[in-house]
Every structure is written in structure tokens, then in C-alpha cells.
Amino acid sequence: ELATGFSLKTSGNFKVLSISNPWQHASNITYQYLLSDTLKVSAPIDDRTWQIKTPVSRVVCLSTTHIGFVEALGKVHTICGISGKDYVVNETILQRVANGKVHDVGFDDNLNYELILEMKPDVVFAYGVTTAVTNVVKKLNELGIPVVLIGEYLEQDPLAKTEWIKVFAAFYGLDKMASRRFNAVAESYNSLKEMAAAAENRPAVLLGIPWQGTWYVSGSKSYIARLVNDAGGKYLWDHLDFNESRPMGLEKIYERALSADCWINPGEASSLHEILTIDERFGKLPPFRSENVFNNNNRLSASGGNDFYEKGVVEPDSILCDLICILHPDLLPMHNLKYYRKLH
């Protein structure tokens, strides 16, 4: 397994799913789920262990990435609850929200526990950024509803994120399908990566934009920095040996950005003009002047949900395709951008 956050083993009639350290800075924390189609009902064994009857037929997804995984398994119709409909892109789900078949259960501290209980889900897929998520787990456990903590967002390797499809598949009994799907994506990703590695030049890539006056810089081990590297780009901060995002002074960033060839993921910006409204000095940066600025907001829902964060998680090869096309257009002359668009 590439993924570091879970392991899946078979023991007799049970699949044993272990999920470790599923929030930031967690250590030595493991949740276990014993899955079997021979069980009569699901039942807790202790605070961090559940026996769960499979296959599940009603699930709640508290993150849009969870929807991406479930959809890839062809099981979108099993989703009965979501968190924050404005962030959802999947049209089937939005349709089902509109006609009352799927409910928005709220998020974080504002989860509607009564509604969740009423919906009788077989399992709630949740995620936590901090230990606060353990309160959600505790409350739902008390109501007799199993919560599975999904930590795919903590994986820094693009394929490791995708591998979490195996976790979702275990609940539906679709393990073989998930393995086939994952192997196909990995093969596609790795051959694209090889192609990009052979490119003669490596354009320097600037990433991000200030958010509320602070520019957060992703380290060289982060998901997006790895994608840039795999696409044959040179990430401007590839010397920073960490995987999270850290604040950095604007002067320092500006100075380094003067050597950028290309600029990607400038926040919410949908035009070059919007970038200037944040700081007009950005107009002097080489990628801005050569109109070599691309954002990952090509697939938005009417209310602003971004498919890059929903479906993109199961197709990092498509994202890599886009980035190679941006950095080395000659390598993929026939490719039409899917998640990215050029800003004008």
C-alpha cells in the first residue's frame, strides 16, 4: 500500500480495516472496523472499534472527496446525507437534495444529529482536522451509528490519496473493482510522470496566492508540490522540507516569484484582473505578463463547489495530464484541460 493512513486485511469472515492517526498531528491513534456480510447487525465493541454489517446501502458523506470515491464505485445512490450542499458538484446528488432524497446534515459543531438518526445510515464517513472530531464520533457512537474516519486528505502522495478507494470499497464488497480501478490509475499516472521526466526543461512554478493578507506556502513534500514535480515542473519552494502549508512574508515570496515561468492555483481568482485587485505588484510577475496563469477551478457547480476536490481525488492522472499540458504543451498537443483553465 502506498497509503500510510490505513491497512486492510482479511481474517476469517471478516475484513479488518485499521485507520491510523486520522487528523493532523495525531499519533498512536488507531480505529478498527471489522466488516462482514455474515453479521446480523452492526455493533460497537469499544470507543474505537466497530463490527459493521456489509454491504452498506445507506451512507452519509461529510466531505465532498468521499462523494468522489463512492461515485467511482458506482454507488452514488447509496448516499443519503452530505455536508454542505453548496460544495457538492455531483449532479445526481444535487438532484436528490432538491427532491428530498438526500439531506444536508450540516458540518463540524453544527451537525444535525436528530436528522442523522432519523435517516438510519449504515455508516457515516467523517474526517477531522483536529481532535475535535472525536466529539462527533462519540455522539454518533452513542446514537448507535458507526463513524469511519477517513484521512485521505493527510496523504501527500497523489496516488496514496486515490488508494483510499479501497477503504470505501470494503464497505460495499467491491474490493476487486477498487483494486482494478486503482491499478489502472496508478499505471496511467506513472507513465505520464515518466513522459514528463524526459522533458528537457523544467519551468519554474509559482503556487498559490495570499489569503486574508497572508501567503501560505506548501512544502516540497505536499500533494500539490509533488504533482508539479511529477508534471516536469520546478516548484519554487522545492527546498522546503515539509508537507504542510506555512505562512511566509510577502516580500520574500515576491522576490522569488520574479523567477517563475508559470503560476498555478491562484486562490479563487477567475481572471487576471482579480489577481491585481489582491496586490497590483503581481502584474509585474513574469507569468502574469506572459499570461501563463492557470487555476484549478474549471469545473465548478452553480454555487461554487469545485470538482478538483471532489472527483479529482480519484483521478490524479487527469490532474497530472492537465499540469503536463500547461508546463509542456508540446508533450500533450491534443489534450483539452479538464480541471484547469487559463486565466485571461
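Gly233 is buried, with a relative accessible area of 1%, where buried means under 20% relative accessible area, exposed over 50% and partly exposed in between (1.4 Å probe, protein chains only). This is a predicted model, in which local features need pLDDT of at least 70 and side-chain atom pairs count only at pLDDT 80 or more, while totals for chains, interfaces and linings use all residues. Residues are numbered from 1 along each chain as its sequence is written, and side-chain values use heavy atoms, with hydrogens and water left out. Helices (H or I, at least four residues) and strands (E, at least two) are DSSP runs, numbered from the N terminus.

**Surroundings of Gly233**

- Gly233 sits in the loop between helix 8 and strand 13, and, leaving aside its neighbours within four places in sequence, Gly233 is in contact (heavy atoms within 4.5 Å) with Arg202, Pro203, Val205, Val228 and Leu327.
- Between Gly233 and Glu91 there are 34 Å in space, C-alpha to C-alpha, and the two are 142 residues apart in sequence.

**Packing of helix 7 and helix 8**

- The axes of helix 7 (residues 175-197) and helix 8 (residues 223-230) come within 8 Å and cross at roughly 60°; axes are lines fitted to C-alpha atoms, for helices over the stretch in contact, and angles run from 0 to 180 degrees between N-to-C directions.
- Helix 7 and helix 8 are therefore oblique to each other, on a scale where angles under 35 degrees count as roughly parallel, over 145 as roughly antiparallel, 65 to 115 as roughly perpendicular and the rest as oblique.
- Tyr189, Lys193 and Ala196 of helix 7 make the contact with Arg226, Leu227 and Asp230 of helix 8.
- These contact residues divide into three nonpolar, no polar and three charged, with Ala, Val, Leu, Ile, Met, Phe, Trp, Tyr, Cys and Pro counted as nonpolar, Asp, Glu, Lys and Arg as charged, and the others, Gly among them, as polar.

**Salt bridges**

- The structure holds twelve salt bridges, each defined as a side-chain nitrogen of Lys or Arg within 4 Å of a carboxyl oxygen of Asp or Glu.
- One of them joins Asp241 to Lys221, with the closest N and O atoms 2.2 Å apart; this pair links distant parts of the chain, as Asp241 is in the loop between strand 13 (234-235) and strand 14 (245-248) and Lys221 in the loop between strand 12 (215-218) and helix 8, 20 residues apart.
- Asp241 counts as exposed at 56% relative accessibility, whereas Lys221 is partly exposed, with a relative accessible area of 34%.
- Another salt bridge brings together the side chains of Glu244 and Arg246 at 2.9 Å, N to O; Glu244 is partly exposed at 34%, and Arg246 counts as partly exposed at 38%.
- The side chains of Lys338 and Glu315 also meet in a salt bridge, at 2.6 Å from N to O, and link distant parts of the chain, with Lys338 in the loop between helix 12 (316-327) and strand 17 (341-342) and Glu315 in the loop between strand 16 (293-295) and helix 12, 23 residues apart.
- Lys338 counts as partly exposed at 26% relative accessibility, but Glu315 is buried, with a relative accessible area of 9%.

**Aromatic pairs**

- A search of the whole structure finds 13 aromatic pairs; rings of Phe, Tyr and Trp (its six-membered ring) pair if their centres lie within 6.5 Å, and planes under 30 degrees apart count as stacked, over 60 as edge-to-face and the rest as tilted.
- Phe125 and Phe168 form a tilted pair, 4.6 Å centre to centre with 50° between the planes; Phe125 lies in strand 9 (residues 123-126) and Phe168 in helix 6 (residues 165-172), so the pair ties together parts that are 43 residues apart in sequence.
- Both Phe125 and Phe168 are buried.
- Phe125 also forms an edge-to-face pair with Phe171, at 5.3 Å centre to centre and 85° between the planes.
- Phe69, Phe125, Phe168 and Phe171 form one aromatic cluster.

**Backbone features**

- Most residues other than glycine have a negative phi, and most peptide bonds are trans.
- The peptide bond from Thr54 to Pro55 is cis, with omega near -5°, and Pro55 is found in the loop between strand 5 (49-53) and strand 6 (59-61).
- Asn265, in the loop between strand 15 (262-264) and helix 10 (272-278), has a positive phi near 55° and counts as buried at 14% relative accessibility.
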